[in-house]
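The sequence and structure come first.

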Amino acid sequence: MTDPIQTAKTAIALLDLTNLNDDCTADDIDDLAARAHTPYGNVAALCIWPQWIERARHTTLGRSTIRIATVAN
């Protein structure tokens, strides 16, 4: 029988949380980053617009191992 907690940990570690909305705000980035940390581990990455990378890395995620993904063009 599969351990549901281990299954949750594995699944969460494979997820990206994304906000590529045109009306994305600093508060939205903070909320997204807060949801990236769960009791079962962290998500793999946040996918955000390039203008939010500095905020996410230096203000919100800090020294977290959560990666940041972005888009170009």
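## Sheet, helices and core

In this predicted model, Asp16 stands opposite Ala45 in strand 4. Strand 1 and strand 4 (residues 45-48) pair in the parallel sense, over 4 bridges.

The sheet as a whole is open and has 3 strands, in the order 1-4-5, with parallel pairing. Strand 1 (16-19) and strand 5 (67-69) are at the edges; each has a single partner strand, so one side of each lacks a neighbour in the sheet. From one strand to the next the twist averages 20 degrees.

| Helix | Residues | Strands touched | Direction angle |
|---|---|---|---|
| Helix 2 | residues 26-36 | strand 1 and strand 4 | about 170 degrees with strand 1 |
| Helix 3 | residues 53-60 | strand 4 and strand 5 | about 170 degrees with strand 5 |

Strand 4 is touched by helix 2 and also by helix 3. In strand 1, Leu17 and Asn19 make up the covered face, while Asp16 and Thr18 make up the uncovered one.

Because Arg55 lies in helix 3 and Asp30 in helix 2, the pair ties together parts that are 25 residues apart in sequence. Arg55 is partly exposed, at a relative accessible area of 29%. Asp30 is partly exposed as well, at 22%; this value falls in the partly exposed class because buried means under 20%.

The largest nonpolar core has 14 residues. Leu17, Ile29, Ala36, Val43, Leu46, Ile48 and Ile66 have the most contacts inside this core. Helix 2 and strand 4 are the elements that give two or more residues to the core. Its largest share, 4 residues, comes from helix 2.

Which residues does Ala36 touch, not counting residues up to four places away in sequence? They are Leu17, Gly41, Asn42, Val43, Leu46 and Ile66.

Note on methods: Residues are numbered from 1 along each chain as its sequence is written. This is a predicted model: local features need pLDDT of at least 70, side-chain atom pairs count only at pLDDT 80 or more; totals for chains, interfaces and linings use all residues. Side-chain values use heavy atoms; hydrogens and water are left out. Two strands pair if DSSP finds at least two bridges between them. Axes are lines fitted to C-alpha atoms, for helices over the stretch in contact, and angles run from 0 to 180 degrees between N-to-C directions. Contact means heavy atoms within 4.5 Å. Buried means under 20% relative accessible area, exposed over 50%, partly exposed in between (1.4 Å probe, protein chains only). A nonpolar core is a set of buried Ala, Val, Leu, Ile, Met, Phe, Trp, Tyr and Cys residues joined through side-chain atoms within 4.5 Å.
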